[in-house]
Amino acid sequence: MPRGALLSDKHHALVETQREVLAELTRLRREEDYLLLKVRQAREQIRYYEGLLDLLRRDWGQAPGLADLLRKLG
């Protein structure tokens with residue numbers, strides 16, 4: 001095989017590998033964005049439920065434990 005053909009094949013292989021790596025990088029960035037969104041939503045839910053617990057504690061005039069709160073609600 002002539003040297004030029006060998007270099008051309010290597011070049012094409014490298015270009016294809018680069019294309020695949022860039023596609024994977026794009027996919028991973030989208031996945032990272034999705035996971036960051038889910039973490040932010042989970043933190044918002046935690047703040048919401050902590051706020052509800054604080055409200056219930058104030059309304060009942062004491063600081064009951066979680067088991068007491070669930071028993072009273074059920």
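**Entry 1: a linked trio.** I found Glu24, Arg27 and Glu31 joined in a network of salt bridges, a salt bridge being a side-chain nitrogen of Lys or Arg within 4 Å of a carboxyl oxygen of Asp or Glu. I note that this is a predicted model, where local features need pLDDT of at least 70 and side-chain atom pairs count only at pLDDT 80 or more, while totals for chains, interfaces and linings use all residues. Residues are numbered from 1 along each chain as its sequence is written, and side-chain values use heavy atoms, leaving out hydrogens and water.

**Entry 2: inside the trio.** I looked up Glu24 and Arg27, whose closest N and O atoms are 2.7 Å apart. They sit three residues apart in helix α1, about one helical turn; helices are DSSP runs (H or I, at least four residues), numbered from the N terminus. Glu24 is partly exposed at 37% relative accessible area, and Arg27 is partly exposed at 36%. My cut-offs are under 20% for buried, over 50% for exposed and partly exposed in between (1.4 Å probe, protein chains only).

**Entry 3: other bridges.** How many salt bridges are there by this rule? I get a count of four. One of them pairs Glu16 with Arg19, with 2.5 Å between the closest N and O atoms. Asp54 and Arg57 also meet in a salt bridge, at 3.6 Å from N to O. Asp54 is partly exposed because its relative accessibility is 38%.

**Entry 4: Val21.** I placed Val21 in helix α1, which covers residues 3-60. Is Val21 buried or exposed? Val21 counts as exposed because its relative accessibility is 52%.

Technical notes: Helix = DSSP H or I, 4+ residues; strand = E, 2+ residues; numbered from the N terminus.
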